[in-house]
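Subject: A structure for you to look at

Hi there,

Here is the structure I promised to pass on to you.

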Amino acid sequence: MDTVFYTLQDFLLHSKSVTYVLMGLGLLLYVFWWWFLTDKDEKKRLF
Amino acid sequence: MSIKRRTFLGLIGAAGVTVASTGARAAGNAHFDGYPGSKGVLFDATRCIGCRKCEAACNAVNELPAPAEKFDDLTVLDRSRRTDAKTFTVVNKYETPSGGPVYRKMQCNHCLEPACASACFVKAFAKTPEGAVSYDASVCVGCRYCMIACPFNIPTYEYDEPLSPRVRKCTMCRPRILEGRLPGCVEACPKEALTFGTRDELIKIARKRIEKYPDRYLDHIYGEREMGGTSWLYISGVPFSQIGLREDLGYASAPELTSGALAAVPVVAGLWPALLGGLWAINKRKEKIARQEKREAVENAVARASAEAESKLSAALSKAEVENRRRIEVEVKRALEEAGLNDTKEEG
Amino acid sequence: MSQESTASTAPRKSLFTPFNVVAGVIVLVGLVITFLRFTKGIGAVTNLDDNNPWGIWISFDLLCGVALAAGGYTTSAACYLFGLKRYHSAVRPAILTAFLGYALVVFALHYDVGRPWRLTYPIFLSQGTTSLLFEVGLCVFLYLTVLFIEWLPAACEWLRLDKLRKVLVKLTLVLTIFGVVLSTLHQSSLGALYLIAPSKVHPLWYSPYLALFFFVSSMFAGMSMVLFEGTLAHRNFHELMDETHLEEAPGVVTGFAKACSVVMCGYLIMKMFGLALENKWHYLATGYGVLFLVELIGFVALPAYLYAIGARERNRTLIRFTAVWTVLGIVFNRFNVSLVAFNWQLPSADRYFPSWMEIAISLFVVTVGVLAYRFICTRMPIFYEHPDYKESH
Ligand code: SF4
Ligand code: SF4
Ligand code: SF4
């Protein structure tokens, strides 16, 4: 993170973009985590 | 108002969790001073004579279509005008209570934290290091949210263009600045009502003028802090609200106004699945237990019913036995009696 | 097969019903204006100008459209997440209307934005992530996809695509949760759109809680819309409904009435906090204050009370009436925020009033929606469970 931000707008543009990507990954992670968590409970009712 | 508006709460509803956030919070404790040495323009309302030379120059350097009224026609000053798709700047005349008309030039203020840039969902606007807020028509979708957002009502739209409408606004003559030339309007002003320079310098110049002529100026540089600060600055001898510059905008910049709501977005995306998944699991489990209980209840009921039936049956059986026995006894008795009777009859 | 034959004969019999004639006229006018819009520009058909860049195509088609399509996420959440299984028969019609609603919102946006073919730019080309409109755009795009997948099983049953259907049904939980997340986000962000313009929205409607207000009101908006559509559907598609649907309907009606009543109560309280937070009580004594109170008392407090009465006394007529009232209240609220309170400081000469062509396009969009709804309901298993697929979800 050596990029220097001169305006709050530029800073937010960067940080929010990163956040959005992470949000997508987080939601995906949830799905897989859930799958991992309940995998053995009942084979049939996955989701 | 302005003070209250600065306190900005982004609110998110799970169990009333409130994420309070100001602009400063949104960026940790970092703060941003803008591009060093970025340019701006200082407008001095006490010098402007309403000659419309800047309008003409702007029209020329930006190669805009010729207006309906010629630029030397000063009667247009009698009505209030605003920028439009063919006009990046206008000068308006304001009658003030303190006597005499005051003129003010209007164009994009090239905010330090532009609301238009914060609002644009395709990054069409950007604060450039030179100070101008630039616009890129090649990505613009035409949602016009920038026009909603701009507190100065500056961006305009080519509503009559059916297929490729653009947002139009003053460019601070960025191409000319990059060539080392003055903005068209600044160059054309015969009264030096417009001064071009780095913003820091301009603020110093403005301060000096105010200090030197305290009777002539109000002690305020409009745009120094309004909406987080602008690159186009104004000084005046009459209150700014009298020359069409709103004084109730507050000092919070546009990104600060929305950062709270934006900060709530990942909260929802991050927490909702866990909460809702949990809710679902609880209900699933409840359902399962309910189903199990139901089954057990049914089983119990069946068991109880059959037990009852059995006991009833045996009771009935035993009752029947008793009755039977009694009936047999009675029969036997009767038979015996009859036999006895017969006997006596035979005997007799 | 029998369905298809009735479907193809029914319209032929009743081609010139009053409804069809009116709808036909609206569609024709709409097409003419569409032509004008794309040949002469937005300016030729609207009263929009540089001070008022958003008109009723945003206020009604976008803000009201999205709020009233909230029935999809509320109903599916009630059924699948909150475990209210008796709402099951209400899910499909709600999903269908939500899907159509969102599709129409996107359709209507093609008229409003300057270059509609660039509508996917914010998602794929140049992401302006600091914009709340980006948030709205992304979520609406994703949610439309989610709704489409949620609705697909009905189409699969119609077209007999069993394998695809099985996979889709397994995704129900993930899709429901995802749908609620996305709905929370974009419903609230629609309100948050106005956060950037504190100087333009009247203080009574501008609030740091705007996002929350829009989200919470979307809940009862969506449920009321489900109730309202239920009334219409029962009148027009009664013969299509199976026993489960007809049996569950009264329960759904009272259940939703209760839910609405409670949520509206919460909304009312939050609105009060909003005033208190920024100490805006004194505005109540102005003309705008009267409007604000009419909205709050007449269109929130009153229906909340009527819903409560309706639920207590199992008065379904009252509930259905209240649903219409609430829907009107939502439209009123969205118009207040985006039109009446917006630019309130401008002189009345600079204020916006829609042109008849803008209104005609909005009507056109609604009509297209109703026609699509009718087309789908008469062909696919929406109000009834397909006999072959019973017990399989
Ligand atoms: S004045 Fe308006 S258009 Fe100009 S930079 Fe500021 S927000 Fe953008
Ligand atoms: S109209 Fe263009 S520049 Fe303005 S916000 Fe929309 S996409 Fe951005
Ligand atoms: S800076 Fe350039 S574009 Fe802006 S008003 Fe002056 S001449 Fe016009």
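Over all chains, the count comes to 17 salt bridges, where a salt bridge is a side-chain nitrogen of Lys or Arg within 4 Å of a carboxyl oxygen of Asp or Glu. Please keep in mind that this is a predicted model, in which local features need pLDDT of at least 70 and side-chain atom pairs count only at pLDDT 80 or more, while totals for chains, interfaces and linings use all residues. Residues are numbered from 1 along each chain as its sequence is written, chains are lettered from A and ligands numbered from 1 in the order in which they are written, and side-chain values use heavy atoms, with hydrogens and water left out.

**Salt bridges within chain B**

Let's begin with B:Arg81 and B:Glu55, a salt bridge whose closest N and O atoms are 2.7 Å apart. B:Arg81 sits in the loop between helix H3 (53-61) and strand S4 (90-95) of chain B, while B:Glu55 belongs to helix H3 of chain B, so the pair ties together parts that are 26 residues apart in sequence. (Helices, H or I with at least four residues, and strands, E with at least two, are DSSP runs numbered from the N terminus.) B:Arg81 is buried, at a relative accessible area of 14%, and B:Glu55 is buried as well, at 2%. Here buried means under 20% relative accessible area, exposed means over 50%, and partly exposed is in between, with a 1.4 Å probe and protein chains only.

Next, look at B:Arg207 and B:Glu224, which form a salt bridge with 2.8 Å between the closest N and O atoms. This pair links distant parts of the chain, with B:Arg207 in helix H8 (residues 199-212) of chain B and B:Glu224 in the loop between H8 and strand S11 (232-235) of chain B, 17 residues apart. B:Arg207 is partly exposed, with a relative accessible area of 41%, and B:Glu224 is partly exposed at 26%.

There is also a network of salt bridges that links B:Asp44, B:Arg47 and B:Arg209.

You will find B:Glu226 in the loop between H8 and S11 of chain B. Leaving aside neighbours within four places in sequence, B:Glu226 is in contact (heavy atoms within 4.5 Å) with B:His220, B:Ile221, B:Gly250 and B:Tyr251.

**Where chain B meets chain C**

Here 65 residues of chain B are in contact with 65 residues of chain C. The two chains bury about 5,600 Å² between them, 62% of it on carbon and sulfur atoms; buried area is the accessible area (1.4 Å probe) that two parts lose on being put together, summed over both. B:Phe121, B:Ile148 and B:Tyr159 supply 13% of the area that chain B buries against chain C, more than any other three residues.

How many salt bridges are counted between chain B and chain C? The count is one, and in it the side chains of C:Asp112 and B:Arg144 meet at 3.1 Å, N to O. C:Asp112 is buried, with a relative accessible area of 1%, and B:Arg144 counts as buried at 1% too.

**Where chain A meets chain C**

This contact takes eleven residues from chain A and twelve residues from chain C. Chain A and chain C bury about 960 Å² between them, 74% of it on carbon and sulfur atoms. Across this interface the rule finds zero salt bridges.

**Chain B as a whole**

The secondary structure of chain B comes to nine helices and eleven strands. Of the 348 residues of chain B, 46% count as buried. Among contacts in chain B between residues at least 6 apart in sequence, 60% join residues at least 24 apart.

Enjoy exploring!

Best wishes
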